[in-house]
Amino acid sequence: MLVADRIVRLRTVPARTGLSRSTIFRKIVEGTFPAQLKVSMNGTGWHESDIDCWIANPTGWRPPEAAEKMHASRA
């Protein structure tokens with residue numbers, strides 16, 4: 001059975017990660033935190049699974065494109 005991935009909003013992310021808003025946005029620019037998704041004209045959010053992956057391994061988390069490139073270079 002497939003379970004839909006929830007979208008979490010900005011007010012939830014600092015509570016889950018322990019990071020401040022400014023740190024979250026700084027890390028997004030650095031590429032060390034999942035970027036937000038546009039969910040409506042004026043709204044953004046994150047896939048809950050992306051936040052869970054970051055929480056599980058904050059120092060080893062990489063954007064999906066970087067992970068794919070790393071696996072391709074090893075092949």
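Q: Which residues are exposed on the other side of helix 2?
A: This is a predicted model. In helix 2, Thr23, Ile24, Lys27 and Ile28 are buried. Seen down the axis, these buried residues fall within an arc of 140°, so they line one face of the helix. The residues exposed on the other side of helix 2 are Arg21, Ser22 and Val29.

Q: What covers the buried residues of helix 2?
A: The buried residues of helix 2 are Thr23, Ile24, Lys27 and Ile28. One of them, Ile24, touches Val13, Pro14, Thr17, Leu19, Phe33 and Trp46, leaving out residues up to four places away in sequence. The cover over the buried residues of helix 2 includes helix 1, strand 3 and helix 3.

Q: Is Thr23 buried or exposed?
A: Thr23 has its place in helix 2. Its side chain makes a polar contact with the side chain of Ser20, at 3.0 Å. A residue counts as buried under 20% relative accessible area. The relative accessible area of Thr23 is 17%, so Thr23 is buried.

Q: Which residue just after helix 2 takes a positive phi?
A: Helix 2 covers residues 21–30. Just after this helix, phi is positive, at about 85°, and the residue is Gly31.

Q: In what order do the elements of the protein run from the N terminus on?
A: The secondary structure comes to 4 helices and 3 strands. From the N terminus on, the order of these elements is β-α-α-β-β-α-α.

Q: Where does Leu19 lie?
A: Leu19 is one of the residues of the largest nonpolar core, and its relative accessible area of 16% makes it buried. Not counting residues up to four places away in sequence, Leu19 touches Pro14, Ile24, Lys27, Phe33 and Trp54. Leu19 lies in the loop between helix 1 and helix 2.

Q: How many residues apart are Phe33 and Trp54?
A: Both Phe33 and Trp54 are buried. Phe33 sits in the loop between helix 2 and strand 2 (37–38), and Trp54 sits in helix 3. The pair thus links distant parts of the chain, and the two are 21 residues apart.

Q: What arc do the buried residues of helix 3 cover around the axis?
A: The buried residues of helix 3 are Glu48, Ile51 and Trp54. They are on the same side of helix 3, because the arc they cover is only 125°.

Q: Which elements do the buried residues of helix 3 pack against?
A: Among the buried residues of helix 3 is Glu48. Leaving aside neighbours within four places in sequence, Glu48 is in contact with Asp5, Arg6, Val8 and Arg16. The buried residues of helix 3 pack against strand 1 (7–8), helix 1 (12–17), helix 2 and strand 3 (44–47).

Q: With which residue does the side chain of Glu48 make a polar contact?
A: Glu48 is found in helix 3 and counts as buried at 19% relative accessibility. Its side chain makes a polar contact at 3.2 Å, and the partner is the side chain of Arg16.

Q: How far from a polar atom of the side chain of Lys38 does the backbone oxygen of Met41 lie?
A: Lys38 has its place in strand 2 and is exposed, with a relative accessible area of 60%. Lys38 touches Gly43 and Thr44, not counting residues up to four places away in sequence. The distance from the backbone oxygen of Met41 to a polar atom of the side chain of Lys38 is 2.7 Å.

Q: What percentage of the residues of the protein count as buried?
A: The accessible surface of the protein comes to about 5,500 Å², and 57% of this belongs to carbon and sulfur atoms. Of the 75 residues, the part that counts as buried is 24%.

Technical notes
Residues are numbered from 1 along each chain as its sequence is written. This is a predicted model: local features need pLDDT of at least 70, side-chain atom pairs count only at pLDDT 80 or more; totals for chains, interfaces and linings use all residues. Side-chain values use heavy atoms; hydrogens and water are left out. A nonpolar core is a set of buried Ala, Val, Leu, Ile, Met, Phe, Trp, Tyr and Cys residues joined through side-chain atoms within 4.5 Å. Buried means under 20% relative accessible area, exposed over 50%, partly exposed in between (1.4 Å probe, protein chains only). Contact means heavy atoms within 4.5 Å. Accessible areas come from the Shrake-Rupley method with a 1.4 Å probe; for residues, only the protein chains shown count as cover. The arc is that of the directions from the helix axis to the C-beta atoms. A polar contact is a pair of N or O atoms within 3.5 Å; within protein, one must be able to donate a hydrogen and the other to accept it, and residues adjacent in sequence count only if both atoms are side-chain atoms.
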